[in-house]
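This briefing is intended for a reader meeting the structure for the first time.

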Amino acid sequence: MGLTSGSFLILMVCLAAAGVAATVALWPRVAGWKMWHVGARLAMIAVSEALVIATFLVALNGYFNFYASWSQLFGSSSPVTGTASAPASGGALLTVTQAEPAPLPGAPLRSVPSIRAVAAGPHGIDVAGLGDASTRSLAQTGELLGISIHGRYTGITETGDYVYLPPQYFQPAYTRSRFPVVLALSGYPGSGWSLVQDLGLPTEVAALADEHEVRPAVYVMMNVSVAMPRDTECTNIPASLQVQTFFGEDVPNAIEHSFRVQSGPDGWAAIGYSTGGYCAVKLAMTYPSQFRFAVALAGYYRALQDSTTGILYGGSGTYRALNSPDWRLTHLPVPPISVLVASSRIGEFTYQGTLQFLRLVRPPMRAYSLFLPQGGHNFRTWQRELPQALEWMSARLQPARPAVLRAVH
Amino acid sequence: MGLTSPALLWLLVVLAASLLVTIVVFWWRLAGPGIAAVALRLASLLALQAVVLALIFVMVNRTAEFYSSWSDLFGTDRAPATVVAASSGSGAAVGPAAAVQPVMERVAVTATAPVRVPGDPAAAGILEAVRFRGQQSGLTAAGHIFLPAGYRTDAKRDRDYPVIVAVTGQAASARSPYGVLHLAENAARLIAAGQLSPVIIVMLAARLRGRDDSCLDVPAARPFSNGPANRPVLATTFFADDLPAALEQHYQASSDPARWALLADSGGGYCALQLALTRSWVYSTAVVPDGGYTRPPGAANTNGSPQLAEQYNLQWLLQNQPMQPVSVLFTRPVPTQGAGAADVFVRLAREPMQVSTVIMGSGPWPLSYELTWIGQHISAHAADGVAR
């Protein structure tokens, strides 16, 4: 039974109710003043309390999309401290497992139904025949695909991620156009789905496109952690997972081989919230030939290490420093990229760090800021920052050029 | 009372504790039969549950800093914000290292000479002495670039030449086959004879600065500390990011990794193999003389970081990382077996990696076999999809 499945939550609710009911029912039997009576009361309260708390946590996890499965929560097969498993040779770089017309602005968001898995071939993914919808209807809505990416160089495989293809991707005028790409990264703990649902990225994109505030782009929405429950911070962990290479080389490689997208840095941006924001900025700073633009919503700009990350830098202060955007700005040449950093003046622990980062940025790198007066480290805050962030990227990314039909005289 | 204030937390703690004590002590008064007693039991239990859940929520929220205030929690913050461009160059004042860098060319040519081979008038080319300025690593390095005959006059200016990066400490040697002149003449001769398709050759030392030949960003031999970080010599960044950028911007170099190769002498052997195993999206081919370099040269002292020591051990990489799409050729002067890296590679390499060894005879033009072998690999490859 899945951690986030409705049936599991119902089971937990039933158990919690049963715990309360049992306590109420057995109440008179332990109403005495013997030692065991008092002990039994405490025990009954503790058990029913524990069941209610567990139910609360399961509901909270479902609401915030922290952990998508039991293995993500407890870490079973995923290599927490080990290394990437050797891949099956010849495996496809990208596989589509779910497909649905993208949600229109204001429409309720459903889960994306599974399809028979389609692997990217030598000519990429043939999106025409993926779901039930016709190309003609997708040309109105765009499409949301559930994907998994297999890293050719790192051997890292990530499943449960999403790709949003804009309506133009299916329109005749754009059949030869290459679209810019936005790589969106979740926070930790999180999932690709939290970008779709909690941040509402595809819905916001569709709404802004309706108002002609953003131009069409392909959005790749990924869990920032490749090895849940470990927080890997997009780091090439010595003698372990090479996560930075995965997002900097493997993911662009897989996307460029699968979809009709641009391959130059002018056509690639990275955006993320929290840990994803740190990663977006770090990726652009270390792969400026892949990402020219980065947006960090409530990001931080130093290399952190804590109980959820384990040893990330091999115990080397130098290696750790190379993973810190702040340190790179003060000690290394800066790349010709543009970044937008967002935070809140009140309620965000990232505010001071963001100010510090802005003070360190120097040409040829350019920085832009977006500060809300107030707002905490949560999706509601990031949703308020998202429209401007999307417009900022769209104004800079090299647009997809539709074919121009010329009248012949 | 603020959502994140200690007062709220303590209020909930006191409330939960007193509710619990009250329920346990006055348990007997609710133990009676009848609807009223049952309803009271239920109500008291649910009240306790509610207070405890609120307490947990406030504790978690304080730790993770999800919601900063009541207005944040209930979504009543609506005040908008605007994107502001940070004042340009505001970071110029933080220190000498952060001084504004003038935009500089990635390559500066310091001298140019034609390549001629005595007795072979058809063989020609250009040899340039250059200085690379790594825009990501911040490293500068002197080197040489061989350009094949016809490079300057080639009508097809959009032609992409394959690239061989020769990592050698013997560039200045007049006698070594890795010497700049010798290597350039050899390539010109092979190209004229049709044994090697036209190729750009970059000649560089593995040792970019200091005393390290490993071409690593953070050499494992460095003493480790969690204190202030040493400024590292980003050699991998130079070879894998700066060098391709320079060649693609200033020369007609291919951006397809299938057309980039490494050729090393024994001093650059570890450097070349390390780059092939960890930057296969830049280099797809490496040719080195066999030698004992599964570990970084001069890095016997790896006591700082066992993880970095493993990461930099080529045998460990072969055993633990996915096989990279590279072709490696080891050359040996005589048939030997034993301690060299070749045997380790041959034993551990699997598809898609390809490892070959060859025993070299002697001849008037050493490295001819290596160059033609590389030429076959980097020109035979059909461009595989997306260029770098």
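In this predicted model, Leu263(B) has Val287(B) of S8(B) as its bridge partner. The pair belongs to a parallel arrangement in which strand S7 (residues 260-264) of chain B is joined to strand S8 (residues 285-289) of chain B by three bridges.

**The sheet of chain B**

- S7 and S8 are part of an open sheet of nine strands in chain B, ordered S2-S3-S4-S6-S5-S7-S8-S9-S10, with mixed pairing.

- Helix H9 (residues 341-348) of chain B lies across S9 and S10 of chain B, and its direction is at about 140° to S10(B).

**The contact between chains A and B**

- Chain B contributes 73 residues to the contact, and chain A contributes 73 residues.
- On the side of chain B that touches chain A, at least two residues each come from helix H1 (6-25), helix H2 (35-64), strand S1 (83-85), helix H5 (235-250) and helix H7 (306-311) of chain B.
- H2(B) gives the most to this side, with eight residues.
- The side of chain B that touches chain A comprises 37 nonpolar, 26 polar and ten charged residues.
- Strand pairing also links the two chains: strand S10 (residues 366-374) of chain A and S1(B) are antiparallel and share three bridges.
- Within this pairing, Ser369(A) has Val84(B) as its bridge partner in S1(B).

**Helix packing in chain A**

- Two packed helices are described by the angle between their axes and the distance between the axes.
- For helix H1 (residues 6-26) and helix H2 (residues 35-64) of chain A, the axes come within 9 Å and cross at roughly 160°.
- H1(A) is therefore roughly antiparallel to H2(A).
- The crossing of H1(A) past H2(A) is left-handed.
- Residues making the contact include Phe8(A), Leu9(A) and Met12(A) of H1(A), and Met44(A), Ile45(A) and Val47(A) of H2(A).
- By class, the residues of the contact of H1(A) with H2(A) are 16 nonpolar, five polar and no charged.

Methods:
Residues numbered from 1 in each chain as written. Chains lettered and ligands numbered in written order. Predicted model: local features only at pLDDT ≥ 70, side-chain atom pairs only at ≥ 80, totals over all residues. Pairing = 2+ DSSP bridges. Helix = DSSP H or I, 4+ residues; strand = E, 2+ residues; numbered from the N terminus. Contact = placed C-beta atoms within 7 Å. Axes fitted to C-alpha atoms, helices over the stretch in contact; angles between N-to-C directions. Nonpolar A, V, L, I, M, F, W, Y, C, P; charged D, E, K, R; others polar. Parallel < 35°, antiparallel > 145°, perpendicular 65-115°, else oblique. Left-handed = near helix turned anticlockwise from the far one by under 90°.
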